[in-house]
Amino acid sequence: MSQAVISKNPYVFEVRDLNIFYDDFKAVTDVNLKIERNKITAIIGPSGCGKSTLLRAFNRMNELVPGTRVEGEVLFDSQNLYAPDVDPIEVRYRIGMVFQKPNPFPKSIYENVAWGARIHGYQGDMDELVERSLRSAALWDEVKDKLDQSGLSLSGGQQQRLCIARAIAVEPEVILMDEPASALDPIATLKIEELMQELKKDYTIAVVTHNMQQAARVSDYTAMMMLTGDSRAGTVIEYTDTKVIFTMPKDKRTEDYVTGRFG
Amino acid sequence: MFNKRKPSQVPHDAEKDAFQPHLHSRHRAGRVWLLVFQVSTLIGIVALSALLYNVANAAFGYAAIENKVDPASLSINGIPLEQLHPLDLTYILQEHVSEGLFRKFAREKPMEEYSREEIYDLVMRWVVQPQVVETWTLFDSLAHRDEIMRQAAEKYPQARIFFRSWLTSQFLTTPQSSKPEFAGVRTAILGSLWTILITLLFAFPVGVGAAIYLEEYTIDTPLNRIIQTNINNLAGVPSIIYGILGLAIFVRLLEPLTSGALFGYVKDATTANGRTILSAGLTLGLLILPLIIINAQEAIRAVPGSLRQASLGLGATRWQTIWHHVLPSALPGILTGAILAVSRAVGETAPLVVVGASTFITFDPDGPFSKFTTLPIQIYQWTARPQAEFRNIAAAAILVLLALLLTLNASAVLLRNRFSRRL
């Protein structure tokens, strides 16, 4: 994977025949989808259908769980992330992640942002990077006077934006968000959603959400996942424009789900 | 009380009526258990007080001391002993001790180089020879003072009777002696400190390293489960067995290493048999290793997984995650475990007896390859002597051991608080 490969390819990810197993249990089956650059793609579906598992396949976080096995390909800029010569460290360096529960490091706000860049050997002006990242995460004005305070002293919504700033500071190409607002109140949620709209100018975003209104509000494309077949493994049953998914879905199950009749 | 309310106000059915009769017995059961807990606590407090009372009783109290030679009879031209010139003191010493003993003093260093205090000590020790003829407990000393005075005056007309603490600065700074009045715990304190240093240097890094490996790198396989079970069981193995292990491995098998012979460090032939501070420290290290591993594992396990995910999700390596996030968060817990383990090691006697702690040495340990004794060994030795005065100094030594333990613990707690305050 070299930086030079960034091409005119409009798709950042191309998933081909992806199957994910936890030991013998098949969690995700036969997923094929393409994720477009500088768009927000939402993954929705009922609990336990493998949304997070699919999202974590995009930066190889799954393999931190012992016994996880992946079949198929996830192409990132035409390079298979699961090829044997690919280092997962580099994958996660270029594809950042924000988690469901805000999880800042028990360090200062400044350190929270600077740490990721530092371990990757960032040579530039660290103060400038921290300010830029915090500004991008719409947090700078709230914390600029207390950068040396603990990241844990912030409110839940601020903590989550700090986590986003932390992910941005590493300068990834993609940000994966695993239910980033599910632990937050409506106002903090709104701020995160506004932030996502800002961020998509520079980054490609894939977001897992339980909240269908949120998916409808923020995303450009939506993938609907559901348990299927005898193995009860999750798969993408419909993937198209968000507007289409929520107004005239083709699949009956999608329609039932988005209209609240199921799930 | 709620049951004052008229029954008619609350709709009742047959099942709900069981509530009121039960309520009383439920409260009673609560009171009974509360009493049980209070009594348990009380028993603990009483036991601890009894221990401290016992030690203090022996460590302080009246003592009757008789001089073999009256110091007044040694005065020259009416000048009392304490004020005599060193030359006169040397003369007195020479007059009263055997030629061989005097030559021995002179061999250690020329008599002119002894300071006045040193010669005075020698005179007191070898000429005046004060001897404790009887001691009284602290309780008796406080409660029956007059009676003790009268009794002592009858029995020991020559003796000086005074209230003394057996725990004195002299007790802390003088080495072992066969006479209880002159015996001290200096060698034992230094021996204990040296041993603990070696124990910590060995057990802390190895234990924490093993805990990191077991918690952060291994996955749950049958083999690992067997290893884990074994570590847990090792924590419960009686300490004497570790002593036998230490004797077999460190004293016998690794003798060239533990005696220092491998490094060409052998002071005299009697030292080079592996019964050194190094052997003792390593043995105690083995003893507390399972404790440190288990406690460190608990501390590492308590670090939330979200922290690891955050770090790994940024593209940090496993080691960077452990070093920058897991260990700092786990450190207070790891240190707490180490404190408990060290407290255990400081008080251990049995394995050191087996490994070959010296029961009587008068020189300070000067490194990992010297012979040694420790405070618990010393206490054990003294309590086993027939003379009553040794029990007094054993009590004083127990106070020293307790103080040493409290100091170690307090410093470790301070250290721990410092670490956990950092955000």
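Visitor: Which residue in β2(A) stands opposite A:V15?
Guide: This is a predicted model, in which local features need pLDDT of at least 70, side-chain atom pairs count only at pLDDT 80 or more, and totals for chains, interfaces and linings use all residues. Residues are numbered from 1 along each chain as its sequence is written, while chains are lettered from A and ligands numbered from 1 in the order in which they are written. Helices (H or I, at least four residues) and strands (E, at least two) are DSSP runs, numbered from the N terminus. Strands β1 (residues 11-22) and β2 (residues 25-36) of chain A run antiparallel, joined by 8 bridges, and opposite A:V15 stands A:L33.

Visitor: Which residue in the turn between β1(A) and β2(A) has a positive phi?
Guide: The two strands form a hairpin with 2 residues between them. The phi in question is about 55°, and it belongs to A:D23.

Visitor: Which residue in β4(A) stands opposite A:F13?
Guide: Two strands pair if DSSP finds at least two bridges between them. β1(A) and strand β4 (residues 68-76) of chain A pair in the antiparallel sense over 8 bridges. In β4(A), the residue opposite A:F13 is A:F76.

Visitor: What is the radius of gyration of chain A?
Guide: Chain A has 10 helices and 10 strands. The radius of gyration is taken over C-alpha atoms, and the globule rule is 2.2 Å times the number of residues to the power 0.38. For 263 residues that rule gives 18 Å, and chain A comes close to it, so chain A is as compact as a globular protein of that length. Its radius of gyration is 18 Å.

Visitor: And what is the radius of gyration of chain B?
Guide: Chain B has 17 helices and 3 strands. The globule rule gives 22 Å for 423 residues, and chain B is well over that, so it is more spread out than a compact globule. Its radius of gyration is 31 Å.

Visitor: How far apart are the centres of the two domains of chain B?
Guide: Domain bounds come from an automatic or database domain assignment. Chain B is divided into domain 1 (62-164) and domain 2 (186-421). Taken over C-alpha atoms, their centres are separated by 43 Å.

Visitor: Which helix gives the largest share of the side of chain B that touches chain A?
Guide: Two residues are in contact if their C-beta atoms, placed from the backbone, lie within 7 Å. By that rule, 15 residues of chain B are in contact with 21 residues of chain A. α13 (305-313) and α14 (318-346) of chain B each supply at least two residues of this side. The largest share, 6 residues, comes from α13(B).

Visitor: How many residues of helix α16 of chain B are buried?
Guide: A residue is buried if 20 or more other C-beta atoms lie within 10 Å of its own, exposed if 12 or fewer, and partly exposed in between, with C-beta atoms placed from the backbone. The buried residues of α16(B) include B:I377, B:I379 and B:W382. The helix, residues 375-383, is largely enclosed by the rest of the structure, because the buried count among its 9 residues is 7.
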